[in-house]
Structure formats: C-alpha cells, structure tokens
Amino acid sequence: MTIPDTKIVLNIPSNALPENSSGCVIKLRLLPRKVFKDPALTFASNSSVVVELLPNNLILQHPAQLTIPHCLFLEEKKTPTAKIYMSHHQEGCSPCWEEQPGLEYSIGCTHCIVWIKSFCWVTVKFDDKDVLGKHLILYSCGEKLMPDHKYAVTAVGYNPDLDGESKFLKLNKTMIVSQRSPFVFMKEGSHPLTVLLVQYSPEWKLWSPKNRLDIAFEGISSSFEHICKFVFEKTGESAQSLACLYQAFQEKGQQAIDLTLRTESLDSHQDFGSQMRDSSRQTQEVEGNRIQNPELDESQQETSSQGRHTSSYDIRDAAVRPKIHRAQKTE
C-alpha cells in the first residue's frame, strides 16, 4: 500500500492482522510535518514525514514494514542513527509523542524502514551528526503571459525532495513550472542559496530591484519552502514572450545549476488540476504580495485499501531560448 508521489509504503504480512479485523479498512495518511513539535531543532529536523495509520491503535500479530522517506544527504562511511516517535492519542486530541527505542529500523539513502507493531502516528528524527546536506528540488516558474499583460511575474523556488509537489505551487496555481532540477544543499559552512538572474529577453526590463537574491541558510535548514520572485516590465509592444536564464548555487566557486523559463512554453493544463484565471481576473498590479506563503496549512494526502489516489505533476522543459539580454550585476 502506498501514498502516490510520496514514497510512503506499508507492507503488511498476510498473517499480521488480528482475527477480529475482518472488514476493517486500512488507511495511510500523510500529515503536515508541523504536527511533530521537535523540542531541539537541528539541520536534520523536519526532513522526514509524519504518517498516520488507520484504524488507530490496531495491534498487529506480526510487525509490518513502514517505509518513511527522508530528504537528507547522509555520510556514507557512517551507519546513521535515528529516533522513532509514535503517538497513540485518541482522535480529536493533541498528539502525545513518545520515543520508541525498542523498534527495529533500517536507514537507506532516501528512506527509513520501520517495523511497526501497532497503528498510530509515526515519524523519524535523524541524528544531525550523520547529515551532510539536504536534497532539494529547484524549479523555475511563472504566470502564463497574455498579450495585454504589461508585467510578467516569474520565480525560482525549491521544495524538499520528500513528499511530492511543492506546497507553494499548490497554493499558487497560476504559477506554472517551466523546469526543475535536483540540488544538494550542504550543511558545512552555513552558506545561503543564491539565485542569480543571468539573462533575459531584450524586450523586457527587470522591474525588481535586484537580479541576485539569497535564501538564508536557516530558512532552508528548517525545510520550509521559499521563493525568489523576479518581476519584468514590457518595454516593446511587439514582445509576445519572455525568456530567462537563472543560476542557483550555494557558495562562490560551486558549479551552478541552470534553470530556464520561457513563457510561451507554460501550459495551464497540469495533472494536479491547476487552472489559469480567466481574462477578467487578470491583473497588471505588481505592488504588494500576490503570492501566498507555502508555510500555511499543508493539505493532507491519504490512500486506503479502497484505492484513493492523487495525481502526479508534469514538468515542461524550457531549454529553447530566443535572443536574450544579459542582466546587469547588482550588489
């Protein structure tokens, strides 16, 4: 049993369910990471998921294997360690997390397998000393450009390579992905993530004050999502599209990741069901914050033995670029 797009897997042996469980519906549910209140925040915190197994407090006759994904880049020469936390609270009550030192577990490069004996809320906390970095997914995105638009809103963001689609993209469905790329954010040195606008179409000028933006190390280490927004103003009436080249890197001298965006390649028909606003709701206003914060409530995902699913996300490549204008350096 799995939750689509999350890498969460539950394998129950055929003889594990109690005799009185006939007819019960077994469910897996992905919960917001914030329900686990980590008392000692480290770089490794918030790097796994919280899973609910239903029916609550179901006792198994034999352990089942629960695969919980993580986004950590671990040191290969060491045997990593972790702490398994569970909460057996009643429905409607606040979780009461307790460490389970007696549970067997195995840590891999992208996941942790826990042998569970009962159904409850489960999560994993990794030892920070074993962690070298975090796996992220970087992406470029923008609003689909209409002929009467004077301004173009684009962004470069990231989400942990952990539990499916970016929360920012779910909240801002008019921002459509052009390209995405994996990136390892390293812990050593506490360097920020730098996003640099390198080139863009000459029929546009950069309306934003800077072409270089930094995302603080502390923000990424917390595993919350952030974006760098770049707004462009059209300077020629004949401009029908905007092409941009961004670079992302963590420290000077590090090989940069190229991310491209081309507005005519943005397609509103995405698998997760986002729809473009109709023309009557389009706006040319760029003042203020029109982009929602991905740190707001995270929607729950679940799957059950009855086969509930969520859809995947289709990414369009934007490798083709017309003539472009080199951005001026901004301190």
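Predicted model: local features only at pLDDT ≥ 70, side-chain atom pairs only at ≥ 80, totals over all residues.
A residue is called buried when its relative accessible area is under 20%, exposed when that area is over 50%, and partly exposed in between, with a 1.4 Å probe and protein chains only. By that rule, 49% of the 331 residues of this protein count as buried. Residues are numbered from 1 along each chain as its sequence is written, and side-chain values use heavy atoms, with hydrogens and water left out.

The secondary structure comes to two helices and 22 strands, where helices (H or I, at least four residues) and strands (E, at least two) are DSSP runs numbered from the N terminus. If contact is taken as heavy atoms within 4.5 Å, then among contacts with a separation of 6 or more, 78% are between residues 24 or more positions apart.

Let me turn to the interior. A nonpolar core here is a set of buried Ala, Val, Leu, Ile, Met, Phe, Trp, Tyr and Cys residues joined through side-chain atoms within 4.5 Å. The largest such core has 60 residues, and Ile116 is one of those with the most contacts inside it. Leaving aside neighbours within four places in sequence, Ile116 is in contact with residues including Leu10, Leu53, Leu66 and Met86. Apart from that core lies another, of eight residues, among them Tyr139 and Phe168.

Which strand holds Thr67? Thr67 is placed in strand β5, residues 59-69, and it counts as buried because its relative accessibility is 13%.

Finally, the aromatic rings. Rings of Phe, Tyr and Trp (its six-membered ring) pair if their centres lie within 6.5 Å, with planes under 30 degrees apart counted as stacked, over 60 as edge-to-face and the rest as tilted. The whole structure has nine aromatic pairs. In one of them, Phe36 and Trp97 have ring centres 5.2 Å apart and planes at 90°, so this pair is edge-to-face; the two residues are 61 residues apart in the chain. Phe36, at 10% relative accessibility, is buried. Phe43 and Phe217, by contrast, are stacked, because their planes are at 20°, with ring centres 5.7 Å apart. This pair joins the loop between β3 and β4, which holds Phe43, to helix α2, which holds Phe217.
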